Amino acid sequence: MQEQTQIFGIRAIIEAINAGETIDKVFLQKGLKGELFSELETILRKNAINSSYVPVEKLNRLTRKNHQGAVAQISPIAFHEMETLVLSVLESGKTPLFLLLDQLSDVRNFGAIIRTAECTGVDGIIIQKKGGAPVNGDTIKTSAGAVFKVPICKVDHIKDAVFYMQASGINVIAATEKTNNTLYDVSFKESCAIIMGSEGRGINPSTLKVVDAKAKLPILGDIESLNVSVACGAFLYEAVRQRL
């Protein structure tokens, strides 16, 4: 699966982008120079493709082939336009349930969340273009194929998605420890989008300021937090319970 979701070589990546291939992320070798490499950097910026500069050892771990200082991860799915998806769900007459992921970084957590989202009838998952986990072979495996069933959208900033949801009449509920309310104090019966934060930082503080409600899981043990995919499952199934 890994080889099927990779492109290596500067020219090959350039051609793939020009052909409209869905590129999730490009790893570039630190310190590499040259006219063709500069051309690739320009195309990445022009198309707002997520990229990062890494040591050559990282690239060598990604592939044993002649990568020429560049390895791209291809997305195995086509991403949806958020505005089109939200409008479609609203017009269907159902009560929307969306999931926003604020720069979740672990692909296995991402896959597990997608799997739970499919099981709980989530209408779509919105992620940020940069800084989050890619959709790759590990994501597909962990999601048990659910990645092909749940629409996934990319936005420039999660806060953009928050504002769009609110403008569409959809309440945004943040899963955060920075509140006195538990998830049992909040209503998920109406149109809503649940936002989950990254494993280390949680939800961006500036995003927390603009959400409609905040809720946390009651923690009875000594460990202060749950794995994000487990916490997400608890929130989604509370939404299911309230809507039954």
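## Second largest pocket

By class, seven nonpolar, four polar and six charged residues make up the lining of the second largest pocket. The model examined here is a predicted one. The second largest pocket holds about 400 Å³ of space. Its lining comprises 17 residues, and those closest to its centre are Thr22, Ile23, Phe79, Lys129 and Lys154. Strand 2 (23-29) and strand 7 (152-155) each contribute at least two residues to the lining of this second largest pocket.

## Largest pocket

The space in the largest pocket amounts to about 600 Å³. The lining of the largest pocket consists of 25 residues, and Ala175, Thr176, Glu177, Ser225 and Leu226 lie nearest its centre. Sorted by class, the lining of the largest pocket contains twelve nonpolar, seven polar and six charged residues. The element that gives the most to this lining is helix 9, with three residues.

## Helix 9

Helix 9 spans residues 228-243, 16 residues in total, and extends 23 Å from its first C-alpha to its last, close to the 22 Å expected at 1.5 Å a residue. The buried residues in helix 9 are Val228, Ser229, Ala231, Cys232, Gly233, Phe235, Leu236, Glu238, Ala239 and Gln242. Among the elements that cover these buried residues of helix 9 are strand 5 (97-101), helix 5 (107-119), strand 8 (171-175), strand 9 (192-196) and strand 10 (213-215).

## Enclosed cavity

The structure contains one cavity of 30 Å³ or more. The volume of the largest cavity is about 110 Å³. The largest cavity is lined by 14 residues, of which Ile127, Gln128, Gly132, Ala133 and Pro134 are the closest to its centre. Strand 2 and strand 6 each provide at least two residues of this cavity lining. Six nonpolar, four polar and four charged residues form the lining of the largest cavity.

## Helix 2

Helix 2 covers residues 35-46, which makes twelve residues, and reaches 17 Å from its first C-alpha to its last, close to the 16 Å expected at 1.5 Å a residue. Phe37, Leu40, Glu41, Ile43 and Leu44 are the buried residues of helix 2. Viewed down the axis of helix 2, these buried residues fall within an arc of 165°, so they line one face of the helix. The face turned away from the buried side of helix 2 bears the exposed residues Glu35, Arg45 and Lys46.

The buried residues of helix 2 are covered by elements including helix 1 (10-18), strand 2, strand 3 (51-54) and strand 4 (70-74).

## Helix 4

Helix 4, formed by residues 82-91, has Met82, Leu85, Val86 and Val89 as buried residues. An α-helix has 3.6 residues a turn, so residues three or four places apart point the same way. The exposed residues Thr84 and Glu91 are carried on the face of helix 4 turned away from its buried side.

Cover for the buried residues of helix 4 includes strand 5, strand 6 (124-128), strand 7 and helix 7 (158-167). Helix 4 is followed by Gly93, which has a positive phi, near 90°.

## Loop residues

Two further residues with positive phi are placed in loops. Gln68, although not a glycine, has a positive phi of about 60°. Gln68 is located in the loop between helix 3 (56-62) and strand 4. With 42% relative accessibility, Gln68 counts as partly exposed. For Gln103, a residue other than glycine, phi is likewise positive, near 60°. The loop between strand 5 and helix 5 contains Gln103. The relative accessible area of Gln103 is 22%, so this residue is partly exposed.

Thr182 is situated in the loop between strand 8 and strand 9. Is Thr182 buried or exposed? Thr182 is buried, because its relative accessible area is 18%, and buried means under 20%. Leaving aside residues up to four places away in sequence, Thr182 touches Ala215, Lys216 and Pro218.

Methods. Residues are numbered from 1 along each chain as its sequence is written. This is a predicted model: local features need pLDDT of at least 70, side-chain atom pairs count only at pLDDT 80 or more; totals for chains, interfaces and linings use all residues. Side-chain values use heavy atoms; hydrogens and water are left out. Helices (H or I, at least four residues) and strands (E, at least two) are DSSP runs, numbered from the N terminus. The expected span of a helix is 1.5 Å times one less than its number of residues. Buried means under 20% relative accessible area, exposed over 50%, partly exposed in between (1.4 Å probe, protein chains only). Contact means heavy atoms within 4.5 Å. On a 1 Å grid over the protein atoms alone, a cavity is a set of points where a 1.4 Å probe fits but cannot get out, and a pocket is an open set with protein on both sides within 12 Å along at least five of seven lines; lining residues have an atom within 4 Å of a point. Grid points are joined across faces, edges and corners, and a volume is the space filled by probe spheres set on the points. Ala, Val, Leu, Ile, Met, Phe, Trp, Tyr, Cys and Pro count as nonpolar, Asp, Glu, Lys and Arg as charged, and the others, Gly among them, as polar. The arc is that of the directions from the helix axis to the C-beta atoms.
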